[in-house]
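Hello,

Here is the model I promised to pass on. My notes follow below it.

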Amino acid sequence: MAPRKSKKKAPSFRKLLKTSNIKIENKLKNRQFKQQSIAKKHRKEQKKLKQALSNAATRTPLPLERYKKRPEDEEDEEEFEETLPVDMMEEDDLEQMKAMAQKASFLTRDLSSSEPVHARKRKQENVMDKYEKVPRLMQKEQEKELIHLLPIKDKTGIIPQTMEKPVVKKAEKENEDEGDGDGAEEVNAPKPLPLLTTQELVVLRRKRLEERKVCIAALGSSILSDPSANIKKLKELRSMLVELDPYVAATVRKLVMVSLMEIFKDIVPSYRIRPLTEAEKSTKVKKETQQLREFEEGLVSQYKFYLENLEQTVKDWKQMKKKKSDVVSLKSYKGLAEVAVKCLCELLVALPHFNFHNNIIVMIVPLMNHDCKKISEMSCEAVRKLFKQDKVGQASLGMVKVISGLVKSRNYEVKPEVLKALLCLRVKEVEVKKDADDIAPKKRFMNFKEKRKHLSRMQRKWKKAEEKLEKELLEAEATECKEKKLKLHTETLNIVFLTYFRILKKAQKSILLPCVLEGLAKFAHLINVEFFDDLLIVLHKLVESGDLSYRESLHCIQTAFHVLSGQGDVLNIDPLKFYTHLYKTLLRLHAGTANDDMIIVLQCLDVMLTKRRKQVSVQRALAFIKRLTTLSLQVLPNSTIGILATNRVLMHTFPKSDILLDNESQGSGIYLPELDEPEYCNPQNTSLWELHTLQRHYHPIVRKFAAHLIVGAPSEGSGALNVDLSRKSATDLFEDYSIKGMTFNPPVATPSSKKKEKFTIGDALLDSDLKKQINSHLEATSIPSDLNFAAHFRKAFI
């Protein structure tokens, strides 16, 4: 009969592996439990032994029990003592024998001892060993007082630090006892060692500082003389960033930070160092190549550690944390942080191509919004410098990305200077929709199979030479670099516009709105045409809302017309509402405010009227000329010059505006100066009578422009302007004659010139009849009474 097969399946290899792993784990657990139980038992036994020893040392030995002896035993004992040769023993020996008889009993044996009883019988115990084991009082040394210092934290853990308290020597005490006989009580008290005086501390600090300076200079000069050979000295110099001498710690750290920054700026190569792959590390290379690799690897590692140290310095100051082992006070942290930020800013601008540049950007951008004014200004200035000198656009793109993220993460609550830095971007052209020629595929070179199939041997030879020449020509044109630059600029500007549009949509009442409008006004010609309609609607709503300041509304108008003057020429849009708003708000400018808004007004007029001359009607141009001439009576001299220069350009652009120089009216109706619509105020029925008043202005340049415009602004002849005035734009003239650059020189009375006194205001020479001219001018101008303009000028000039 065949053996019966078992129905139980054989376990698979995976199951066996699984069960074996479980068994191994169980064995390990059992072994651990066993070791723990053994250790626990050992600890208990040790505890019991210690307790028994302490009890035995503290208790006193009990006297031996004495039993009453029978009279027979006492008689036998007396007889035995009489028979002993007592005369041969001394009294000391007898006393010692009696004392030993008192203690030598098994009842007084130390039961806490773990030694068995029968072990003593095997040994020949020496009596002196017993005396040696008895504890005896030793002469203890006087314990020294310790001062607990701040511990040091190491990789192994916290290491406590202590210092012995200084003790006054006996010789000093004796001298004090001899010298002071009266104050006996005070002499006995120990006095501390005398401290150094302030002068001695200054001398000591100066000496140590000079030593550190010499060391820094020696290390720096050796590194700069041969960077590849002395790259290890960078680590030695960097170790001085953790100077522990409290007298010179802060100063030395600042010096080392600046020294390392200058060294890295000098020795860093003009290319980015990439890490080597495993295959490159395993291959054998020349000795020079290996040295270069070691130099690059050491340079990158030391540069990384240096940046980490700078970052940690700034972070400690921001969090106001002080390390326990640090010797720099919290007050000195601000100075260290300022130096660290300055080094980071210098490296950001000087090494945009090198490693860890993006890490520096991430450190610098949040500092642009810091509460400390000095650090914020340093960071913003470094970002502006980076934008101005970046020609390719790689560093600018990284910076713009981080700024956009910062603005969004802070919910648009950042300083305006953060967005103002974007105005320094060097973006002049971006990628637009390409033509059919650009979209067409580029010329492709034939591969080897195609050449062999279609060309003969001689033709293949010529084709090879021709393709080589074409490749060299393409490299010489550097078209790839130009395409890369355009691509980077396009991506950068898209992120900038995304930030601007987010603020326009979600934070219209933010303090960032003026910066956004100014940025849109600068880059409006690069905006995609698809966004024009929505952008103009948003800008018009902002202007009509009335929530904006005068400067912000001017930025809105400027942005709208920059959009329409660029790619917006193809759109059939008439921004009449923007013309009306500017015409209505022009008279809000006056001499009592800061004169900064006038330059924006002049730029808006140039874009709205001069550059869009074909879309502007004559009625609108005449209305603006009349209102600008009225405005020139109530502003400062430099603003008046800018306005008159704008009127001169408009009179040349619109020749029919010469009707404003006649007294006769043309057509029906009368001029309505209070009407806000420039198209319907009938400007053709008025005249520029303000020019005759300006002819008596105290500023000579204003008088020249007024006389020039009265005769029709001729380009040649007796009424023409000088070349210096005629070739300059209105904004240039406004800045040239700005009052901020003027200097007042009061007149000095001399015996020969008592009647005629002259002094200069800028480049204007005024005569002695100034008072009459100012009074006549003030009577003819419409200046608000609350400004007290006349009193101000009389006090300043008379």
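The structure holds eleven salt bridges, each being a side-chain nitrogen of Lys or Arg within 4 Å of a carboxyl oxygen of Asp or Glu. Please keep in mind that this is a predicted model, where local features need pLDDT of at least 70, side-chain atom pairs count only at pLDDT 80 or more, and totals for chains, interfaces and linings use all residues. Residues are numbered from 1 along each chain as its sequence is written, and side-chain values use heavy atoms, with hydrogens and water left out.

One of the bridges joins Arg-212 and Glu-243 (3.1 Å, N to O). Arg-212 lies in helix α8 (residues 198-225) and Glu-243 in the loop between α9 (233-238) and α10 (249-267), so the pair ties together parts that are 31 residues apart in sequence. Helices here are DSSP runs (H or I, at least four residues), numbered from the N terminus. Arg-212 is buried at 18% relative accessible area, and Glu-243 is buried at 11%; buried means under 20%, exposed over 50%, and partly exposed in between (1.4 Å probe, protein chains only). Glu-211 joins Arg-212 and Glu-243 in a network of salt bridges.

Another bridge pairs Lys-626 with Glu-690 (3.0 Å, N to O). This one links distant parts of the chain, with Lys-626 in helix α27 (residues 618-631) and Glu-690 in helix α29 (residues 690-694), 64 residues apart. Both Lys-626 and Glu-690 are buried.

Arg-274 and Glu-280 also meet in a salt bridge (2.7 Å, N to O). Here Arg-274 is exposed, at 52%, while Glu-280 is partly exposed, at 23%.

Best wishes

Key. Helices (H or I, at least four residues) and strands (E, at least two) are DSSP runs, numbered from the N terminus.
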